[in-house]
Amino acid sequence: RVLLISGAGFLGRHLACQMRATTQVVVCDSTTRLQRAGLSGVESCAYEFGQDDPNHVECLPGDAAVILSWRGYPAAHESDPTGRLSRNLGHTIALVKHLAESGVSQVLYASSGGAVYGNAGRQPVPETALPYPLGYYGIGKLTAEMIVRKILDQHSKDYLILRICNAYGAGQITDNLSVGFVARAIQAAN
């Protein structure tokens with residue numbers, strides 16, 4: 001099984017649709033987002049990152065997990081860094097510990113490319129560039145990466161951290177300018 005944590009959002013819905021034909025997928029998200037996503041052919045689990053206890057996510061030994069969870073966008077972190085970072089990092093620690101201790105064998109953690117690399121001084125930014133986050137959002141995502149590594153290394157689990165940058169496509173939120181550069185550019189062009 002693959003658990004898609006916060007999987008009823010833009011990226012999670014696309015992953016669930018791609019994987020459901022060949023893999024048992026469990027989408028873990030808030031009941032509101034699960035209803036809005038309208039996914040068929042997948043199981044669901046009510047779990048709202050940042051609010052619910054991670055023990056709501058039922059894991060079986062050998063499951064894999066894709067963590068797409070993070071609350072807030074860059075501007076929100078700038079206006080409330082203590083609250084946002086405390087909430088996100090605390091829940092990341094609790095979630096990853098729960099997954100590792102429940103026997104999840106592999107974890108894919110979705111981080112942020114642009115926010116973590118910041119102004120690297122060249123374009124395109126190579127993956128080997130040193131991180132230089134410019135805001136609290138990027139600092140939080142980079143710190144979360146280190147937390148994920150630490151916990152999963154301690155439990156001898158396989159993991160991969162992806163620094164996703166400017167994802168876009170069908171079904172993306174277009175009425176919210178906090179969702180990334182591509183959505184803002186498309187909306188500005190219309």
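Visitor: What do the buried residues of α6 pack against?
Guide: They pack against α3 (74-79), α4 (81-101), β5 (106-112), α5 (113-117) and β6 (158-164). Contact means heavy atoms within 4.5 Å. This is a predicted model, where local features need pLDDT of at least 70, side-chain atom pairs count only at pLDDT 80 or more, and totals for chains, interfaces and linings use all residues. Residues are numbered from 1 along each chain as its sequence is written, and side-chain values use heavy atoms, with hydrogens and water left out.

Visitor: What makes α6 a helix, and what is its span?
Guide: Helices are DSSP runs of H or I, at least four residues, and strands are runs of E, at least two, numbered from the N terminus. Helix α6 covers residues 136-154, which is 19 residues. Its first and last C-alpha atoms are 27 Å apart, close to the 27 Å expected at 1.5 Å a residue. The expected span is 1.5 Å times one less than the number of residues. Just after α6, S156 takes a positive phi of about 55 degrees.

Visitor: Which residues of α6 are buried?
Guide: Among them are Y137, G138, K141, L142, I147 and L152.

Visitor: Why is Y47 called buried?
Guide: Buried means under 20% relative accessible area, exposed over 50%, partly exposed in between (1.4 Å probe, protein chains only). Y47 has 0% relative accessibility, so Y47 counts as buried. Y47 lies in the loop between β3 (43-46) and β4. Leaving aside neighbours within four places in sequence, Y47 is in contact with residues including I5, C28, P54, V57 and L95.

Visitor: Why does S6 count as buried?
Guide: S6 has 11% relative accessibility, so S6 counts as buried. S6 sits in the loop between β1 and α1 (10-19).

Visitor: What makes the link between the side chains of S6 and S69 a polar contact?
Guide: A polar contact is a pair of N or O atoms within 3.5 Å; within protein, one must be able to donate a hydrogen and the other to accept it, and residues adjacent in sequence count only if both atoms are side-chain atoms. The side chains of S6 and S69 are joined at 2.9 Å.

Visitor: Which residues touch the most other members of the largest nonpolar core?
Guide: They are L3, I5, Y47, V57, I67 and L99, in a core of 29 residues. A nonpolar core is a set of buried Ala, Val, Leu, Ile, Met, Phe, Trp, Tyr and Cys residues joined through side-chain atoms within 4.5 Å. Apart from this core lies another, of 13 residues, among them A8, M19, L34 and A110.
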